[in-house]
Amino acid sequence: MVRTLLLVLAMAFCVVCMYSTAAVAQSTQQNSAPNYDEWRSFAERAERLIDLQFTSDEVLTDIRAELVGFRSRFLSAQDANAGRIATVREQISALGPPPEEGATEAEEVAARRAELNEQLTQLQAPGIAAQEAFRRADGLIRQIDLITRERQAEALLTLWPSPLNPVNWVAAADSVWGTAFTLGTQVSGALEDPAHLREFRSNLPIVGVLILIALFVLLRGRGWIERLVSRLLDEGADRKSKRLLAQVMSLTQILVPVAAVAALSTALVLTSLTGEIGADLATALVQAGIGYFTARWAGRQLFPVHESKRAPLQLPAPRRREGRLMANLAGLFIGLNVILGTFFDPLRQPDAANAVIAFPLMVLAGVVLFRLGALLSMHWRLLTADIAEMRFFDRIIGVLGKLAMAIGIGAPVIAAVGYVQAAQALLYPSIVSLGLITVLVFVTQVVDDLYDSLTGRSPDDPDALLPALIGFGVVLVSLPVFAMIWGVRGTQLLEVWQLLREGFRLGDTRISPTNILSFLIVFSIGFLATRMVQGALGSTVLPKTKIDKGGQKAIISGTGYVGIMLAALIAISTAGIDLSGLAIVAGALSVGIGFGLQNIVSNFISGLILLIERPVAEGDWIEVGSTMGTVRSISVRSTIIETFDRTDVIVPNSDLISGTVTNWTRHNSLGRIIIPVGVAYGSDTRKVARILKEIGDAEPLALIDPEPQVHFVDFGGDSLDFELRLVLSDVGFGLSVRTELRHQIAERFKEEGIDIPFAQRDIWLRNPEALRGEAPPPEPSEPRDPRDENARTKMRYDEISDGDSGDGDGDGGR
């Protein structure tokens, strides 16, 4: 209870902070209205640049970012004066409907109506201007997006000269020689410049220290870190805290080497002797280092050195070793691709040179990606052979393995044809995506280990919900990263985020993530408060009353329904959602309820009736149709009955209201049982009745008033039929009482010499010789006896035949 109260207080504090922040943001937006003069000037300039065919992509990207900012401000300005507009409209509606054509109204009312209409027009003017500007900005953004998509499609479908043609190798050699010559010229020029030499001498101690540190970390420190992490993983295989520490420490396999590469890059820049190309290469060296060491770390995560059940991929040791090698090569090729793209600027080189320079590296990267896909597919095949039902993650791994193999083969083939840009856009993002998937797997494992350490969950316990939800949230957060890997611009993602923040319109109401968040928080507070009230009623208040258990449960359930409904209404009102704008949706839902949901609504109303009238309560022994058992629970849709076979039967509540229900234990547990008894003909009926009466009176569960009764009910076909009738204090023991009484009746009748008959039947076989397999006896040759039925029937048939043949007419004899 205390924990729940603290949670409610924390949510309330979040709501207060959120609304204070929203109020500050709203006041800030109201104070900073859009500058429409500046907007018109920028829009005209943007339209001129967009209409030019040779405007670069970088310029279009900058223009688009500015347009997104303007559009966001215009979207916020559309709701300007919303409160005042609503108030003025209410004032106008209070004056009544405007007079019809030819009719007049009071001068004061007419003057006031005109004044309010003028105010409404003035208040709506900023919103109308913002809507017009928003449409213009949105149209320009869509136009830029169309141009960008067309250019990207054109670039991907551009056919470069084939890199397999030896004629194109000359252009590649010229590009390599020219770029190298330019770099040598820049370096030699810096060495001849006294200013650069003075700067080099002044920075030489720092450069030397940075180079020494970088080389030491790369040559020795990286190995120490990897051995330390491996030792922690080996020692903490069964200790969650140590395994968690090892996983966190494994990140140093990326951070420390990358820091060393950054130090080496900084040292190269501080020499002031690298020139422009050299400085760009120093910056690209850091990016290449990040790619290589991340891929190396990812390889150790996917293909660990030591066998572990927690490893994402279950492969034998030789295949894991191959996987680590392929991961290292993948990182190396990605880094080389970054360095080549920096050293040989594709915009400054001919297409033939770009194709020849990029192709060898693409072939090697394709081979690596194919082998990684084969290892992923091997993991899927091994699990398919051992496990009947696989996890969703393992199925995804199988699909990714096949895709990686296809891309590893297809990308170099496409590049060999000449579609080098399309092959690059397909190959390298695939490798980087595999790395990001490895990061997601690592994060989910860390979350699981952290949850296990905090809660003490053992490996044999079922999977918890909270880590799964956190993992799902991490995957959702990673979607923008995947989008950027595959070429989506950051400005486009920011635009999508801005649109999500602004929300969408539903009628006259704008629904945004802020509204949804406030609704969820307020509703959660109301829901928890309802649960607290239900707990207090069930544990403190209702047990002290004279209400039975079923009535207490009904009150608690009703309180829960009312509390949840009030929480939903308060949350909707707090979130600023206008319910009047949902009238059309409510009407459509009512039609749907009338046609498709009538059974559900009928069960819901029946459930409310059961909870209010309580003809059936939990624990009652009832009989509904062919179902008999004890009521376990009553919900708003159905009732669960536990039969005497210990099976649960779900009965719709409408059947309990509209059908016939037998409740054996609703108001009391009294119940009558009837035991039929048959005795042989010739028995002393008075003696039988006296014995049965004595047995019934001796039953401890039988009531004295009314006392057990014996009735001589009928002369049966095989016996004289009696009935022993008893009213039990607890009919729930009816079956056991019947069994015991039958035992006693059998024992007393045996002692008294009274027979209990059983049905007897005589069977006459017409032709027993057929059952024995004998031939039937010959028919007698003597004439038939006229008294024999068959003979008489035959004779009558002959007489009728003779009479008919003589006349030729059926009526001739009459």
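How many Å² does the accessible surface of the protein chain come to, and what percentage of this surface belongs to carbon and sulfur atoms? In this predicted model, the accessible surface comes to about 49,300 Å², and carbon and sulfur atoms account for 62% of that area. The protein chain has 814 residues, of which 33% are buried, and its secondary structure consists of 25 helices and ten strands. Among contacts between residues at least 6 apart in sequence, 72% join residues at least 24 apart.

Five of the strands form an open sheet in the order E6-E5-E4-E3-E7, and their pairing is antiparallel. Strand E6 (648-652) and strand E7 (661-663) stand at the edges with a single partner strand each, so one side of each is left without a neighbour in the sheet. Direction ignored, neighbouring strands of this sheet are turned by 40° against each other on average. Strand E3, which spans residues 621-624, pairs with E7 in the antiparallel sense over three bridges, and glutamate 623 stands opposite threonine 662 in E7.

Among the helices is H6, which covers residues 167-192. Its 26 residues reach 39 Å from the first C-alpha to the last, close to the 38 Å expected at 1.5 Å a residue. Buried residues in H6 are Asn168, Ala172, Ser175, Thr179 and Ala190. In general, residues three or four places apart in an α-helix point the same way, because there are 3.6 residues a turn.

| Strand | Residues |
|---|---|
| E3 | residues 621-624 |
| E6 | residues 648-652 |
| E7 | residues 661-663 |

Note on methods:
Residues numbered from 1 in each chain as written. Predicted model: local features only at pLDDT ≥ 70, side-chain atom pairs only at ≥ 80, totals over all residues. Heavy atoms only, no water. Helix = DSSP H or I, 4+ residues; strand = E, 2+ residues; numbered from the N terminus. Buried < 20%, exposed > 50% of the residue type's maximum accessible area, 1.4 Å probe, protein only. Contact = heavy atoms within 4.5 Å. Areas by Shrake-Rupley, 256 points an atom, 1.4 Å probe, with all protein chains shown as cover. Pairing = 2+ DSSP bridges. Axes fitted to C-alpha atoms, helices over the stretch in contact; angles between N-to-C directions. Expected span 1.5 Å × (residues − 1).
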